[in-house]
Amino acid sequence: MCGQSAPANGSSSIFSFENIHRAYLNCRRNKRGTINALRFEFNAAENLLKLERELNDYTYHDSYACRRNKGTHAAVIRLQKFTRQITKNGKTRAYFLQLDIKDFFPNIDKEILFQLIARKVRSSDILWLTRIVIFWDCTKSYVTRGGSSLLRRVPTHKSLFGKNNERGLPIGNLTSQFAANVYLNELDQFVKHRLKAHYYLRYVDDFVILHTDSEQLNRWRGEISAFLAQRLNLRLHPTRHKLLSVSNGVDFLGYIVRPGYILVRKRVVNNLKSKLKELRNYPDKLRDSIASYLGHFKHANSYRLVNSLGLWKI
C-alpha cells in the first residue's frame, strides 16, 4: 500500500466497476494502439476487476493512464482574439510577455500539490487514491525502451531520479496533466486577481500576457517570478522569455499568431519536410503523417503553404 493507510470510513461506490469501466473507455481513446494499452486490453475484463478489488481493498499502488488532447487549437484561437482586442484590430500598439517554467514537471512539489487538492476534496476515498497516485515513485518500477544508455543521457535536471520522491511527476500520465492544471491554478489566480492582467493565457507551463504598456509587463514578470518561487517552489526559465510587440507575432503552440492571421511555425514545416523524405518509401505511414499535419495546418492561414508543398497530390 506504498506506506499509506486506508481511510476508516471510505465508501466503495466511487470505485464501482461501472465507474472504473467508464474511466477506462475514456482513458484508452487516444492511446489504444500503444503497446501498454494493447497489453491491458488483451485481458481488459480481468484487469478491470482486479483494479476494482485493489481500489476497494485499498491495496492499489499503480495506475494505467493515457494523455488526451488539451485543446491547443482553442488556445491559439483565443490568443488571436486577445491580440485583436488589445490592438483594436491592429490599429494600436500592444506588447506580449511570454514565459515558461524551468523544468516544470520534474520540479512539481508533491506535498504542495497534495495540499492544494486536499483543500477542495472532502472524500476520504479520493484523498487516499490521490496520495497514492501523487507519491507513487515511478523510478522504482519502470520499463526502459531503446536501451539503458538512452536513460543515462537524460539530463539530471529533467530526470525524476535523485529527487527522493519529493518532486516531479511523469509527463505522460493523464493524472499528471490534471495535476499540472491544479498546481498552476495558483498562478492563474495570482495573475488574474492579484496582478489583474486581463489578457492572460496559459497552456501547461507556457503562458502569455498582453498589455499596452511594456514596462507593466516587465514589472509583472518580476512579481510572477517571486510568486512562483515562494508559493510553488518553481522558477521561470532564465532564457525562454519574450517581451515583444504583438505585431511581431506570438510563437505559441506551433503557430505564429497575429491579429489578422495565423501562420504555421517554421519548425513545424521543416519537420514535415523531413517526414516527407523519411517516409517516402512507406506510403501508408506517409499518408497518416500528412493527414496529421494537415489537421494542424487547417487552423492556420496555410492554403499557399499546402499548395507549395504539394500535399494534395500525395
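**Figure 1. Leu253 in its loop.** Leu253 is partly exposed, with a relative accessible area of 22%; buried means under 20% relative accessible area, exposed over 50%, and partly exposed in between, with a 1.4 Å probe and protein chains only. Leu253 sits in the loop between β5 (250–252) and β6 (255–257). Its phi is near 55°, a positive value in a residue other than glycine. Most residues other than glycine have a negative phi. The model is predicted: local features need pLDDT of at least 70, side-chain atom pairs count only at pLDDT 80 or more, and totals for chains, interfaces and linings use all residues. Residues are numbered from 1 along each chain as its sequence is written, and side-chain values use heavy atoms, with hydrogens and water left out.

**Figure 2. The protein as a whole.** The protein has 12 helices and 7 strands. Helices (H or I, at least four residues) and strands (E, at least two) are DSSP runs, numbered from the N terminus. Of its 314 residues, 41% count as buried. Contact means heavy atoms within 4.5 Å. Among contacts with a separation of 6 or more, 73% come from residues 24 or more positions apart.

**Figure 3. His296 and its neighbours.** His296 belongs to helix α11. At 16% relative accessibility, His296 counts as buried. Leaving out residues up to four places away in sequence, His296 touches His73, Leu253, Gly254, Tyr255, Val264 and Val268.

Figure 4. Helix α10 (residues 266–278) has 13 residues. From its first C-alpha to its last it reaches 18 Å, close to the 18 Å expected at 1.5 Å a residue; the expected span is 1.5 Å times one less than the number of residues. Val268, Val269, Leu272 and Leu276 are buried in α10. They cover an arc of only 100° around the axis, which puts them on the same side of α10. The arc is that of the directions from the helix axis to the C-beta atoms. These buried residues pack against β7 (262–264), α11 (283–297) and α12 (303–309). The face of α10 turned away from the buried side carries the exposed residues Lys266, Arg267, Lys277 and Glu278.

**Figure 5. Helix α4 and its cover.** α4 (72–87) has 16 residues and reaches 23 Å from first C-alpha to last, close to the 22 Å expected at 1.5 Å a residue. Its buried residues are Thr72, Ala75, Val76, Leu79, Gln80, Phe82, Thr83, Ile86 and Thr87. They cover an arc of only 155° around the axis, which puts them on the same side of α4. Their cover includes β2 (199–203), β3 (206–211), β5, β6 and β7.

Figure 6. Lys88 follows α4 and has a positive phi, near 50°. Asn89 is in the loop between α4 and β1 (95–101). The phi of Asn89 is near 60°, a positive value in a residue other than glycine. At 59% relative accessibility, Asn89 counts as exposed.

**Figure 7. Helices α8 and α9.** Two packed helices are described by the angle between their axes and the distance between the axes. The axes of α8 (residues 174–194) and α9 (residues 214–232) come within 11 Å and cross at roughly 140°. That makes α8 oblique to α9. Axes are lines fitted to C-alpha atoms, for helices over the stretch in contact, and angles run from 0 to 180 degrees between N-to-C directions. Angles under 35 degrees count as roughly parallel, over 145 as roughly antiparallel, 65 to 115 as roughly perpendicular and the rest as oblique. The crossing of α8 and α9 is right-handed; a crossing is left-handed if the near helix is turned anticlockwise from the far one by less than a right angle, and right-handed if clockwise. From α8, Tyr183, Leu184, Glu186, Leu187, Phe190 and Val191 take part. They meet Glu223, Ile224, Phe227, Leu228, Arg231 and Leu232 in α9.

**Figure 8. Helices α5 and α8.** The axes of α5 (residues 110–118) and α8 come within 10 Å and cross at roughly 85°. α5 and α8 are therefore roughly perpendicular to each other. Ile112, Leu113, Leu116 and Ile117 in α5 meet Ala179, Val182, Tyr183 and Glu186 in α8.

**Figure 9. Ala180 in helix α8.** Ala180 has its place in helix α8. At 2% relative accessibility, Ala180 counts as buried. Ala180 touches Phe104, Phe105, Arg202 and Val204, with residues up to four places away in sequence not counted. Ala180 and Val204 are 24 residues apart in sequence and 6.5 Å apart in space, C-alpha to C-alpha.
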